[in-house]
Amino acid sequence: MRILVSNRKASHDYHLLDRYEAGIVLQGTEVKSLRAARGNLKDSWVDVTKGEAYLCDMHISPYNFGNRANHEEKRRRKLLLKKKEILKLQQGIQEKGLTIVPLRVYFKGSYIKAEIALAKGKKLYDKRETHKKRQADRDIERHFKANR
């Protein structure tokens, strides 16, 4: 598995609950651009409408050697999920007030997949608590390495 694009801020801004793997419907120049790691998941989200899931605001730069058939940079891209998975995502959004966040885009064999997660937004004090815990873990690790 080769990771092409990742959303590193997702775990900082959200409590990640359920993770799903989805295929993405892409155009040819988008695939070539992603192979060159020219994509960005920052500020992107997943929208579920009419029983279909779409990846919105994912930026894929135009392919350098593309011609007039080059793709739009921030178009909606359809995600390929099973109906049961889409229903679970819809229920999470409607009932619990959760959101769907894309985590990473990667190759699995010759296919490009997206990992998405049902997530709950963190409050500011949650983010501070996570930062404090991570810092304490680093300090403990440094202490053990120094005493070896």
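Visitor: Let me start with one residue. What is the relative accessible area of Glu21?

Guide: It is 33%, and Glu21 is partly exposed. Buried means under 20% relative accessible area, exposed means over 50%, and partly exposed is in between, using a 1.4 Å probe and protein chains only.

Visitor: Where do these values come from?

Guide: This is a predicted model, with residues numbered from 1 along each chain as its sequence is written. Local features need pLDDT of at least 70, side-chain atom pairs count only at pLDDT 80 or more, totals for chains, interfaces and linings use all residues, and side-chain values use heavy atoms, with hydrogens and water left out.

Visitor: Back to Glu21. Which residue forms a salt bridge with Glu21?

Guide: Lys108 does, with the closest N and O atoms 3.2 Å apart.

Visitor: What counts as a salt bridge?

Guide: A side-chain nitrogen of Lys or Arg must be within 4 Å of a carboxyl oxygen of Asp or Glu. Side chains of opposite charge can pair when their charged atoms come close.

Visitor: And what about Lys108: what is its relative accessibility?

Guide: Lys108 has 43% relative accessibility, so it counts as partly exposed.

Visitor: How many salt bridges does the structure hold?

Guide: Nine. One of them joins the side chains of Glu115 and Arg19, at 3.2 Å from N to O. Glu115 is in strand E9 and Arg19 is in strand E2 (residues 14–24).

Visitor: Is Glu115 buried or exposed?

Guide: Glu115 counts as buried, because its relative accessibility is 10%.

Visitor: Which residue does Arg77 meet in a salt bridge?

Guide: Glu30, through their side chains, at 3.0 Å from N to O. Arg77 is in strand E7 and Glu30 in helix H2, 47 residues apart. Arg77 is buried, and Glu30 is too. There is also a network: salt bridges that share partners join Arg19, Arg104 and Glu115.

Visitor: Now the sheet. In what order do the strands run?

Guide: E1-E8-E9-E2-E7-E5-E4. These seven strands form an open sheet with antiparallel pairing. Two strands pair if DSSP finds at least two bridges between them.

Visitor: Which strands are at the edges?

Guide: Strand E1 (2–6) and strand E4 (45–49), each pairing on one side only. Neighbouring strands are turned by 40° against each other on average, direction ignored.

Visitor: How many bridges join E5 to E7?

Guide: Three, between strand E5 (residues 52–56) and strand E7 (residues 77–80), which run antiparallel. Ala53 stands opposite Leu79 in E7.

Visitor: Which strands does H2 lie across?

Guide: E1, E7, strand E8 (99–108) and strand E9 (111–121). H2 runs at about 100° to E1. Axes are lines fitted to C-alpha atoms, for helices over the stretch in contact, and angles run from 0 to 180 degrees between N-to-C directions.

Visitor: Pick a residue in H2. What does Thr29 touch?

Guide: Tyr63, Ala69, Asn70 and His71, leaving out residues up to four places away in sequence. Contact means heavy atoms within 4.5 Å. Thr29 is in helix H2 (residues 28–35). Thr29 is buried, at 14% relative accessible area.

Visitor: What about the core? Which residues touch the most other members of the largest nonpolar core?

Guide: Leu34, Leu79, Leu81, Val105 and Ile116, out of 25 residues. Such a core is a set of buried Ala, Val, Leu, Ile, Met, Phe, Trp, Tyr and Cys residues joined through side-chain atoms within 4.5 Å. E1, E2, E4, E5, helix H3 (83–96), E8 and E9 each supply at least two residues. E9 gives the most, with four. A second, separate core has five residues, including Val101 and Leu103.

Visitor: Where does Asp57 lie?

Guide: In the loop between E5 and strand E6 (59–60). Asp57 is partly exposed, with a relative accessible area of 26%.
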